[in-house]
Amino acid sequence: MTDDYLVRIGRLIRDARQHRGWTQAQLAEALATSQSAINRIERGNQNISLEMIARIGEALDSEIVSLGYSGPMHLRVVGGRQLSGAIDVKTSKNACVALLCASLLNSGRTLLRRVARIEEVYRILEVLNSIGVRTRWINDGSDLEIVPPAELDLDAIDTEAARRTRSIIMFLGPLLHRMDRFRIPYAGGCDLGTRTVQPHMSALRHFGLEVTATEGWYHSVVDRSVRPVRPIVLTERGDTVTENALLAAARHDGVTVIRNASPNYMVQDLCFFLEQLGVRIEGVGTTTLTVHGVPRIDRDVDYSPSEDPVEAMSLLAAAVVTESELTIRRVPIEFLEIELAVLEEMGLDHDRGPEYPADNGRTRLADLTVRPSKLEAPIDKIHPMPFPGINIDNVPFFAAIAASAQGKTLIHDWVYDNRAIYLTDLNRLGGRLQLLDPHRVLVEGPTRWRAAEMMCPPALRPAVVVLLAMMAAEGTSVLRNVYVINRGYEDLAERLNSVGAQIETFRDI
């Protein structure tokens with residue numbers, strides 16, 4: 001291995017460690033080596049085996065090197081190009097993941113149409129396959145067939161795949177109907193600070209589930225004598241918390257009332273799917289859900305999840321920061337109306353076509369054309385709220401949009417502990433973002449973006465925001481280690497290239 005490669009690998013390891021928030025001593029402890037050895041590795045002064053690179057990557061949850069993996073590892077972006085034409089929004093990542101977990105409720109065959117082929121979905125499929133669920137892609141790989149076994153083998157669960165997705169927590173709701181005792185690995189996913197699972201436990205305790213978290217596992221015991229005797233009030237109006245409560249209520253033989261429920265897009269898609277399984281749900285789209293469960297579900301079901309409003313926001317932001325005219329088709333408009341109202345106040349020039357139904361027959365879609373606009377910073381701060389407020393996952397895109405606007409914009413990302421910090425990576429590309437505290441960032445625009453080479457933030461939406469800024473920056477940028485983007489977006493680089501971007505995927509080794 002040449003000295004040049006050793007230096008480059010050392011920089012990748014250093015950047016991955018710093019993004020994880022670890023010291024050299026912490027990484028050394030995880031690898032059972034010395035801090036001086038880590039220091040030598042990061043400076044490129046020590047030979048390093050592929051085995052050690054793989055161990056470091058596993059410790060940092062970062063694909064420093066990828067063996068036998070066909071997807072992209074880095075992106076090379078030639079910026080300063082305007083986009084044009086039209087692009088379709090793909091189906092919702094979060095809905096697809098919830099539906100995969102919900103398939104565990106059904107003894108029959110589940111067919112999901114146009115499933116997002118992303119890393120998050122692949123991780124859940126690996127977990128499902130490991131416990132005995134048969135899955136296969138059909139119809140040229142666009143649709144997914146799921147057939148469960150009579151008995152699940154939880155002892156064989158793929159722990160590595162499970163720990164790379166936060167969605168594994170949504171196995172609790174379905175599994176409590178299938179076995180009295182089981183365990184699943186701790187939830188993983190994006191590095192977004194401490195996100196407690198306590199609201200999940202509080203909701204599922206009404207169905208007799210008691211969970212003890214020890215040694216990297218959730219150990220679960222179900223008391224069949226416990227049943228909901230009053231409405232379940234969620235302590236957090238979270239999407240996955242609501243979904244877990246719905247999954248538990250779906251096969252509860254009785255009526256369950258869930259209050260302070262999230263009415264967000266993925267929750268609505270899950271409700272529509274459960275209704276096809278024979279579960280009657282009142283109040284879909286509101287904060288109170290009344291679920292009429294059925295103790296056994298054995299149906300062959302065919303369902304089409306709706307499009308992803310966060311991807312739609314990503315594409316809208318791409319048009320804004322590159323000063324392009326772009327038509328975004330199949331936008332789930334009811335889940336983007338507040339964002340569009342704010343952007344209209346900022347001066348966004350856009351047209352909205354007539355509404356039409358999604359393939360699920362329930363979600364409202366529209367086509368949106370965005371034009372180059374002279375934007376002004378909003379008077380009020382940008383902050384997320386539960387639906388119908390600004391979507392939590394759409395807040396980071398306002399950082400790139402605000403950087404393109406005249407004036408100062410305060411962004412208050414109160415939900416996550418770390419995400420606002422990652423937005424300051426835009427400063428490497430010429431942005432002027434001032435971190436006020438772990439939740440608030442002040443963005444000053446307009447920005448003259450400049451090219452840079454940098455490590456991909458370990459959080460999905462900030463990573464895409466960095467990519468969009470690179471597309472606006474004159475010159476060639478490199479975004480390294482983009483696994484996190486592949487967790488939530490299908491063929492994003494190729495699809496952006498289809499409307500005029502110039503993004504190349506490559507690997508160093």
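A residue is called buried when its relative accessible area is under 20%, exposed when this is over 50%, and partly exposed in between (1.4 Å probe, protein chains only). The structure is a predicted model, in which local features need pLDDT of at least 70 and side-chain atom pairs count only at pLDDT 80 or more, whereas totals for chains, interfaces and linings use all residues. Residues are numbered from 1 along each chain as its sequence is written, and side-chain values use heavy atoms, with hydrogens and water left out.

The protein contains 18 helices and 23 strands, taken as DSSP runs (H or I of at least four residues for helices, E of at least two for strands). Its C-alpha trace spans about 60 × 60 × 45 Å along the principal axes. The radius of gyration of the protein is 23 Å, which agrees with the value near 23 Å for a compact globule of 509 residues, the rule being 2.2 Å times the number of residues to the power 0.38, over C-alpha atoms.

Of the 509 residues, 57% are buried. Where contacts (heavy atoms within 4.5 Å) join residues at least 6 apart in sequence, 74% of them link residues at least 24 apart.

Cys 96 counts as buried because its relative accessibility is 1%, and Cys 101 counts as buried because its relative accessibility is 0%.
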